[in-house]
Amino acid sequence: MATTGRELARHGTGRRANTGDDATVPARAARGDGAGLTQALARRYADRITGHFTLPGREGAYAELPADLPAALAGALKSRGIERLYSHQAEAWAATRRGEHVVVVTPTASGKSLCYTLPVVTAAMERGAKALYLFPTKALAQDQVAELLELSRAGDLGLKAFTFDGDTPGDARQAIRLHGDIVVSNPDMLHQGILPHHTKWAQFFENLQYVVIDEVHTYRGVFGSHVTNVLRRLKRICAFYGSNPQFILCSATIGNPQQHAEALIEHGVTAITESGAPTGDKHVLLWNPPVVNPDLGLRASARSQSNRIARLAIKAGLKTLVFAQTRLMVEVLTKYLKDVFDHDPRKPPRIRAYRGGYLPTERREVERSMRAGDIDGIVSTSALELGVDIGSLDVVILNGYPGSVAGTWQRFGRAGRRQQPSLGVLVANSQPLDQYVVRHPEFFIDAPPEHARIAPDQPLILFDHIRCAAFELVFVTGENFGPIEPELYLEALAETEVVHREGDRWEWIADSYPANAVSLRSVADGNFVVVDRTDGRQQIIAEVDYSAAALTLYEGAIHMVQSTPYQVERLDWEGRKAYVTRTFVDYYTDSIDYTKLKVLAEFDRAPAGDGDARHGEVHMVRRVAGYKKIRYYTHENIGYGPVTLPDQELHTTAAWWQIPQPQLLAWFASRQDALDGFLGAGYALHVVATLAVMADARDLQKAIGNGDGGWFATADTHGRGQLRGGEGQELAPFELQQFVPTLYLYDNFPGGVGLSEPLWTRQAELVQRAIELVERCDCRGGCPACVGPILAAEEERAGATSPKALASRVLTLLATGSGAAA
């Protein structure tokens, strides 16, 4: 068992561990705390725990309430039990009083909200200043407004705070625009509901002093790139009304908080990263369910293990939160726990579920019950990952890896709010990312949190927002949009007759309302809607990005909505609609797509073992030719179906690896073996790359082909590599004159959004991580957790020619060369 008994030397982001024998387990832990449960689990389930370490608790660092705080506000704080501030809250107060933009980066439950509440409320009381709060979720917005109104009542401050989102009634909107001191909204509503109607908000914008952006670590990738442009539009409108607001940003722990905050608001910020909030010891267990089928590498379900741990925790009197990945899993786990703890209907419920899709009143009631301590167990989706206040917890169980180290610590931070020892357990499922993390506890311990990245100047995103900005206010020649000169984009808009140049002014002349056509979560326009036609109904149940539609909405596909399966009956490609009906099947579908890449320009190149690694611009053509049906749990292929859709093309950026033909032929018995090795290596590299750059697997794609686009490779029905020519025709490896397999990881957005560059700079580290992923896998010849699904028949291949061994050889040649491969 790896790293049992590791204890962290330092608290915070630098999680360096030093080994010590059972250093984390106290000799006698008091019953009913996280330390006691940790000891019991470590003793009883040692074979399932792959990593066990502790974040030591620490005392709080405090400061007196500021002397220049209004007396009524100080009184309100004291009446709510706040007699002094944590050190980071005092630092934030001082920085905002100096007029600086601020980013506060401290752990969950460290009192970040007070960092912006104090300056905002003070400004509202002293000079009638307005503030705009932006939160990524409605639940957070509601929570914040409730908190502000409670504070206002406690000190009779007369604050007017309102949420303004899609649920706000029309008759309330005018009152909010005119009378709201603090308007709490989200980026989508700012983009579509506030900025295009800024003339109705003139009084608000004239007096806007603070813009608060919470949970900024969620604004990354495409979404973050859009939000930066929305903020450019906001600042442009503020300047028009004569205001220049100060920004206060808050974030959970990420690797580049100051850099990310500065990229979002395009201005220098003061970063406050040391928390003064006290914490108790936090025990962390990495838990891998036991293997139930060694041949196929199948393990017991994460669900069964999470249920087991939660039952033990609740029986020990510990307040427990279980995070599940889907709404369906929330309901299943809630049922399992209710069957044990809520079988007597005469007693109030001890177990509750919390997820999107419930009515707001129901969610508020669950939050109140949690804060009051009336609930012993709560099962939630990621809705509770962000800062909704739910009181004190002892144990957090993650049913599956959240997708990033930062997200894992964010969820673990939910426990241990009252300086008591707490426990966080990460229960892995059979997905490759989960298996990588629990088999590499040293990665989890030592890894700095991932960096959040945005690319706001990505041409398609930029074009959309310059169009929106032109609708909102006239552009004047020489005026910049953020750091960008928009002239080129305005000329393109003039050609399509939506703006008209009159002297040095660019006037909007179209009837259309552009913001409604721009989604903040995609690059290409024309998203597809999924229409449920079950039993004659016509109800839109989902929306799918244009880039993902061909892979998920082909006719015959099983499309999952909150784990409920629907079958696609008809796809209207031109009309951007997929018509589905509810179905009951024991399989899911996976598209068989041929991706052909051709290198257009090479930016960088470096040696990589016996081969080389490169970074550049590529042209991608994807054709979805069919799909396979894969049975749940066993993951066996049970059938195929054809697909007829137009090819998709895009120019984007990629990182890629090659090994010259002479080295390949020296180390592989046949070209077929080399091709199989590249397919497995590509699968493993894709797994570790999505982990490294905090990307969705859909946003970062992989492909195997020739550098000149002459051929590409896919897996056939037996899991073996199949070569195809430029038009998709089958080829045999021995027919090719040039055989230089190339492994591409490419950015799946037109023009790219900055995912491939960090892969290039970390290429050696990624190859090494991929080698460890494959070597440490418990399977014999290959499995979905390392080199991809293979048929049982393939497991009978000799060890040296198994998919796992071939992939390992390719990766070794790319890491250290032929000396190590020998």
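## Where to start: Phe240

In which helix is Phe240 found? Phe240 sits in helix H9, with helices being DSSP runs of H or I at least four residues long, numbered from the N terminus. Phe240 is exposed at 53% relative accessibility (exposed is over 50% relative accessible area, buried under 20%, partly exposed in between, with a 1.4 Å probe and protein chains only). Its C-alpha atom is 9.0 Å from that of Phe205, 35 residues apart along the chain.

## Ground rules

This is a predicted model, where local features need pLDDT of at least 70, side-chain atom pairs count only at pLDDT 80 or more, and totals for chains, interfaces and linings use all residues. Residues are numbered from 1 along each chain as its sequence is written, and side-chain values use heavy atoms, leaving out hydrogens and water.

## H7 against H9

Helix H7 (residues 187-194) packs on helix H9 (residues 221-240) at about 45°, with the axes 10 Å apart. That angle makes H7 oblique to H9 (under 35 degrees is roughly parallel, over 145 roughly antiparallel, 65 to 115 roughly perpendicular, and the rest oblique). Axes are lines fitted to C-alpha atoms over the stretch in contact, and angles run from 0 to 180 degrees between N-to-C directions.

Pro187, Leu190 and His191 of H7 meet Phe223, Val227, Val230, Arg233 and Leu234 of H9, contact meaning heavy atoms within 4.5 Å.

## Cysteines

The whole structure has zero disulfides (cysteine sulfur pairs within 2.5 Å). Cys238 is buried at 0% relative accessible area, and Cys468 is buried at 1%.

Conventions. Helix = DSSP H or I, 4+ residues; strand = E, 2+ residues; numbered from the N terminus.
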